[in-house]
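Open your viewer and get ready to select pieces one at a time. Each stop says what to pick and what is there.

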Amino acid sequence: MKSLQQDWFSNVRNDLLAGLVVALALIPEAIAFSIIAGVDPKVGLYASFCIAIVIAFTGGRPGMISAATGAMALVMVTLVREHGLQYLLAATILTGVLQMLAGWLRLGALMRFVSRSVITGFVNALAILIFMAQLPELTGVSWIVYVMVAAGLAIIYLFPYLTKAVPSPLVAIVVLTVVAISMGLDIRTVGDMGQLPDSLPVFLLPQIPLNWETLLIIFPVSATLAVVGLLESMMTASIVDDLTDSSSDKNRECMGQGIANIASGFLGGMAGCAMIGQSVINVKSGGRGRLSTLAAGVFLLLLLLFIGDWVARIPMAALVAVMIMVSIGTFSWSSIRNLRKHPATSSMVMLATVTIVVITHDLAQGVLVGVLLSGIFFAHKVMQLLHVTWISEDEGRVRTYHVTGQVFYGSAERFINAFDFKEVIEKVRIDVSRAHFWDITAISALDKVVIKFRREGTEVEVIGLNEASTTMVYRFAIHDKPDAAEQLMSH
Amino acid sequence: MTNEPMTNEPMTKNENKVLACVDQSRFANYVADYAVWAANRMDAPLEFLHIIDRHPAIANSDDRSGAIGIDAQENLLTELADQDEARSKAVREQGRLFLNRLRERAVAAGVASPDVRQRYGELEETLVEQEAGVRLFVLGRRGESAETTQRDLGRNVGRVVRALSRPILTVTTDFTAPRRVMIAFDGGIVTRRGVEMVAASPLFRGLPIHLLMSGKESQDAAKQLEWAKTTLEATAFEVVASLIPGDAELVIAKTIQEQTIDMLIMGAYSHSPLRTLLFGSKTADLLRFTTLPTLLLR
């Protein structure tokens with residue numbers, strides 16, 4: 001009861017106002033992302049308010065804004081182009097189902113394998129993609145468009161110095177629209193980009209054949225959408241966690257994203273997820289509770305119903321200006337400064353993530369590469385934590401090798417190379433009691449060493465293998481044995 | 001207790017203490033005075049606890065510009081962290097001064113070395129954590145929010161009382177040293193244990209006790225009441241026992257008036273929260289009804 005009250009009604013005035021600011025900023029984004037995906041603006045707008053409203057109830061991170069996003073739009077381009085809107089709606093529903101499954105399986109925990117550098121890379125790639133998506137509106141157009149975009153950006157960034165009571169992107173849109181209409185400028189408007197919503201969305205089943213072929217068409221897209229959506233949502237959730245110094249329920253968020261996407265698909269909307277830029281705007285404007293998310297969705301709906309006709313007359317240049325702002329605000333500029341400061345491997349992970357995403361337009365692939373690289377770099381670092389020292393004993397008859405550190409697939413070769421098989425000696429003693437054998441590769445490396453020595457006619461004695469291989473046991477659970485960690489570090 | 005800071009004070013200092021839970025309302029003084037009274041009578045250590053409930057869900061922003069520029073996220077994080085830091089420091093300092101005033105008040109009233117402490121957290125949660133070292137809780141039946149709302153019973157009280165298992169002295173009015181104490185006795189296990197506790201504790205020693213039983217008259221009731229009377233008299237209490245049939249609430253209210261009782265002892269919330277939701281709570285009704293300091297037994 002208490003948390004219900006706290007989630008919804010502890011911050012009413014701020015939540016409502018922030019919701020309004022966000023709703024205004026959602027309009028250009030939803031339209032822009034619909035254009036990216038190749039569908040009518042109404043698909044993105046339906047998706048945005050539907051997802052915002054549903055996630056207000058089902059999400060696990062109060063105050064986070066979810067709607068139609070660029071990251072998702074980019075994934076669906078090919079599907080829309082080759083198969084049309086109905087397949088997109090079906091894919092959206094399937095995405096929701098997969099995300100609910102992920103929530104049910106508690107896959108939110110997998111986020112811990114996504115390192116800081118990968119997250120930074122993801123965010124930067126996202127910003128670059130949002131910016132690149134604006135380029136078609138900026139190439140081969142008259143100089144008027146450039147002036148309009150520049151003026152739009154100037155208003156967005158300078159107007160807050162005048163007053164912070166009114167959202168400056170809104171001012172930019174209104175001013176540019178008024179100028180374009182009153183001067184009769186011949187430039188592209190939102191109305192030129194496709195159909196806008198003219199009514200409330202209605203429940204409808206996607207018109208597709210329900211067969212195996214259809215599944216083969218939509219499943220790969222849905223799977224990617226599910227992954228990208230959850231990745232961006234989890235990242236945004238932890239950003240909002242940090243900003244508001246509070247915690248969120250990641251698995252509930254997975255479920256909530258799924259439910260929101262299913263609802264969106266049935267109401268004729270495209271798949272969406274959490275939005276970093278909008279969530280930052282929401283928190284900045286004072287939004288904290290679920291009410292802010294709900295308000296964003298409801299205001300968006302009301303705006304569309306009441307000023308829908310005017311939305312069609314907004315020049316695209318105004319939207320481009322807003323989207324450039326979102327891209328600037330999303331990009332982590334400090335990561336450029338940090339390129340030299342951070343370890344080279346971290347910077348490489350970040351850059352690799354960005355590069356892959358920009359090439360493939362698929363954030364999932366970028367993150368996969370980033371995570372793999374981080375894993376490899378980490379393994380490489382741990383590899384260095386292996387030391388083998390040796391000492392001759394018993395008047396040159398016995399040599400003892402002391403192995404200290406981590407032996408696993410990455411360091412197995414180093415481990416083998418540390419032994420001198422050419423030495424002519426009676427007996428070799430290998431003391432591994434201060435080493436950790438992490439996997440089968442490590443054990444087989446030890447076997448290999450033993451066999452090699454035996455072939456030279458050398459007797460081999462291994463000391464402390466039991467202690468060393470406790471790490472191999474999968475259920476070597478630190479959490480239920482308070483002294484386990486100490487044990488692990490002591491030998 | 002494991003989470004106690006190590007000090008040079010003897011370890012017994014923080015055990016069996018009287019814990020006065022105060023917030024920054026006028027009730028703090030009442031709570032303090034009753035806690036001082038209890039601590040002095042029981043010769044128990046006294047600690048004032050001020051709980052700071054942080055509300056991360058409440059924002060104070062007037063920036064509706066909706067524009068995000070370079071490093072928007074980092075800048076916002078820094079800004080919010082700075083605000084929180086300033087607010088936390090201010091609240092901490094304010095709380096420290098407020099607790100210090102209460103400490104001085106307690107020292108003036110003869111408590112040797114009252115301790116003060118501020119903790120972050122939620123009231124119920126914090127008190128449950130602290131419970132192990134506590135002999136008696138003292139808290140206001142209303143608090144800070146009472147100044148602005150018209151609720152009769154602080155919204156926290158019911159929940160907190162249910163969560164705790166030590167006796168809780170709840171107060172609403174200015175301190176008057178109790179002279180006549182009444183036990184609302186229902187023969188149940190809670191009040192029977194309560195009678196034994198009162199008999200054994202120095203808290204009420206020397207005060208005349210009025211044992212009141214109401215409800216249906218029965219042989220069993222009379223026997224129970226007799227048992228309670230003898231138990232109390234065994235430790236030299238001066239006891240008046242009466243068995244008055246009728247509606248418990250009305251009978252208790254009437255007797256309080258007639259006998260000029262100034263402290264009430266009773267069992268609290270012995271029924272499940274569900275039952276309370278459906279039928280209301282006798283305890284809550286009584287607490288709302290009377291302004292007497294009331295010792296709730298669990």
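Two directions under 35 degrees apart count as roughly parallel, over 145 as roughly antiparallel, 65 to 115 as roughly perpendicular, and the rest as oblique. This is a predicted model, in which local features need pLDDT of at least 70 and side-chain atom pairs count only at pLDDT 80 or more, while totals for chains, interfaces and linings use all residues. Residues are numbered from 1 along each chain as its sequence is written, and chains are lettered from A and ligands numbered from 1 in the order in which they are written.

**Stop 1: chain A as a whole.** Select chain A, which has 20 helices and six strands. Helices (H or I, at least four residues) and strands (E, at least two) are DSSP runs, numbered from the N terminus. Along the principal axes, the C-alpha atoms of chain A fill a box of roughly 100 × 50 × 50 Å. Of the 491 residues in chain A, 50% are buried. Buried here means that 20 or more other C-beta atoms, placed from the backbone, lie within 10 Å of the residue's own.

**Stop 2: two helices side by side.** Now pick α2 (12-37) of chain A and helix α4 (residues 70-83) of chain A. Their axes come within 7 Å and cross at roughly 30°, so α2(A) and α4(A) are roughly parallel to each other. The contact includes F33(A) and I36(A) of α2(A), and L74(A) and V77(A) of α4(A). Two residues are in contact if their C-beta atoms, placed from the backbone, lie within 7 Å. By class, the contact has eight nonpolar residues, one polar and no charged. Ala, Val, Leu, Ile, Met, Phe, Trp, Tyr, Cys and Pro count as nonpolar, Asp, Glu, Lys and Arg as charged, and the others, Gly among them, as polar. Axes are lines fitted to C-alpha atoms, for helices over the stretch in contact, and angles run from 0 to 180 degrees between N-to-C directions.

**Stop 3: helix α8(A).** Select residues 168-182 of chain A, the helix α8. Which of its residues are buried? Among them are L170(A), I173(A), L176(A) and A180(A). The cover over the buried residues of α8(A) includes α2, α7 (143-162) and α13 (316-330) of chain A. Just after α8(A), look for G184(A), which takes a positive phi of about 60°.

**Stop 4: the sheet of chain A.** Four strands form an open sheet in the order β3-β4-β5-β6 (chain A), with mixed pairing. Two strands pair if DSSP finds at least two bridges between them. At the edges stand β3 (386-393) and β6 (459-463) of chain A, each with a single partner strand, so one side of each is left without a neighbour in the sheet. From one strand to the next, the twist averages 20°. Helix α18 (residues 440-455) of chain A packs on this sheet, touching β4 (398-407), β5 and β6 of chain A. Zoom in on V428(A), which stands opposite V460(A) in β6(A).

**Stop 5: over to chain B.** Here ten strands form an open sheet with mixed pairing, in the order β3-β2-β1-β4-β5-β10-β9-β6-β7-β8 (chain B). Helix α2 (residues 72-108) of chain B lies across β1 (17-22), β2 (46-52) and β3 of chain B.

**Last stop: where the chains meet.** The contact takes 37 residues from chain A and 23 residues from chain B. On the chain B side there are eleven nonpolar, six polar and six charged residues.

Technical notes: The expected span of a helix is 1.5 Å times one less than its number of residues. A residue is buried if 20 or more other C-beta atoms lie within 10 Å of its own, exposed if 12 or fewer, and partly exposed in between; C-beta atoms are placed from the backbone.
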